Amino acid sequence: MERLSGLLSWTLSRILWLSGPSEQRAARQPRIMEEKALEVYDLIRTIRDPEKPNTLEELEVVTESCVEVQEINEDDYLVIIRFTPTVPHCSLATLIGLCLRVKLQRCLPFKHKLEIYISEGTHSTEEDINKQINDKERVAAAMENPNLREIVEQCVLEPD
C-alpha cells in the first residue's frame with residue numbers, strides 16, 4: 001500500500017510539473033497579444049493621410065483599439081485592423097487600406113496573416129473596399145501603378 005501511495009504521489013507531482021509551463025504560457029498569452037497589437041499600432045499610427053498633412057493617428061482613422069492580434073500557432077499570428085475613414089464617403093479609403101497593408105507587410109517583425117477592414121457602418125461602400133484591400137491580386141496590381149505606388153510610398157515614409 002505504501003508503495004502504491006508513493007507511486008501515485010510521484011505520478012501526481014509529475015503531472016503537475018508537466019502542466020505548469022502550459023498554464024504559465026496560457027496566462028502570458030493575453031499580455032503577448034497586447035504587446036504585439038501595440039507593436040502593430042506603433043507602425044501604422046505614423047502613416048500619413050493621402051490628402052492631408054496629418055497622420056492616421058492624428059485624424060483618429062486608427063486607434064490602439066482598432067488593432068487585434070490572435071495567435072494562429074506558435075509562430076504565426078493573425079493581425080486584424082479596423083480603420084475608420086474620416087467621412088462616410090471618403091474616396092481615399094481604399095488607398096488608406098493599401099497603405100496599412102504595405103507598411104505592415106514591410107515592417108512587421110513576426111510571421112503574420114493580415115486582414116484589414118473598414119469599421120462597420122463607417123463608410124458607404126465598406127463591403128466593396130474590404131474585398132479590394134484583402135485581395136492579393138488587386139493589391140499587387142495597384143502597387144504596379146507607378147502613380148499609386150508613389151502616393152503609398154509618401155504615406156508610409158517614416159517621419160524624421
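## The largest pocket

In this predicted model, the largest pocket is lined by R101, Q105, H112, K113, L114, E115, N134, D135, K136 and V139. Helix α2, strand β3 and helix α4 are the elements that give two or more residues to this lining. Strand β3 provides the largest share, with four residues. The volume of the largest pocket is about 210 Å³.

## The enclosed cavity

The count of cavities of 30 Å³ or more comes to one. The largest cavity has a volume of about 30 Å³, and its lining consists of D49, P50, E51, K52, T86, C90, L92 and I96.

## Overall architecture

The chain contains five helices and three strands. Along the sequence, these elements follow the pattern α-β-β-α-β-α-α-α. Of the 160 residues of the chain, 38% count as buried. Among contacts between residues at least 6 apart in sequence, 62% join residues at least 24 apart.

## Pairing of β2 and β3

Strand β2, residues 76-83, and strand β3, residues 111-118, run parallel and are joined by eight bridges. One of the pairings involves F83, whose bridge partner in β3 is I118. Between the two strands, the chain crosses from β2 through helix α2, residues 93-107, to β3. This β-α-β crossover is right-handed.

D76 is found in strand β2. Is this residue, D76, buried or exposed? With a relative accessible area of 19%, D76 counts as buried, because the cut-off for burial is under 20%. Apart from residues up to four places away in sequence, D76 touches Q70, E71 and K111.

In soluble globular proteins, nonpolar side chains tend to be buried together. The largest nonpolar core of this model has 41 residues, of which V40, I44, V62, I81, F83 and L100 touch the most other members. At least two core residues are supplied by each of α1 (2-44), β1 (67-73), β2, α2, β3, α3 (126-133), α4 (136-144) and α5 (146-156). The largest share of the core comes from α2, which supplies eight residues.

I44 is among the residues that touch the most other core members. Leaving aside its neighbours within four places in sequence, I44 is in contact with L56, V62, V67, I81, L100 and L104. Of these partners of I44, V62, I81 and L100 are also listed among the residues that touch the most other members of the core.

## E39 on helix α1

E39 has its place in helix α1. At 31% relative accessibility, E39 counts as partly exposed, because this value lies between the limits of 20% for buried and 50% for exposed. Not counting residues up to four places away in sequence, E39 touches P109 and F110.

How far apart are the C-alpha atoms of E39 and V67? Their separation is 9.7 Å, and the two residues are 28 residues apart along the chain. V67 is also one of the contact partners of I44.

Notes
Residues are numbered from 1 along each chain as its sequence is written. This is a predicted model: local features need pLDDT of at least 70, side-chain atom pairs count only at pLDDT 80 or more; totals for chains, interfaces and linings use all residues. Side-chain values use heavy atoms; hydrogens and water are left out. Two strands pair if DSSP finds at least two bridges between them. A crossover is right-handed if, with the strands pointing away from the viewer, the path from the first strand over the helix to the second runs clockwise. A nonpolar core is a set of buried Ala, Val, Leu, Ile, Met, Phe, Trp, Tyr and Cys residues joined through side-chain atoms within 4.5 Å. Buried means under 20% relative accessible area, exposed over 50%, partly exposed in between (1.4 Å probe, protein chains only). Contact means heavy atoms within 4.5 Å. On a 1 Å grid over the protein atoms alone, a cavity is a set of points where a 1.4 Å probe fits but cannot get out, and a pocket is an open set with protein on both sides within 12 Å along at least five of seven lines; lining residues have an atom within 4 Å of a point. Grid points are joined across faces, edges and corners, and a volume is the space filled by probe spheres set on the points.
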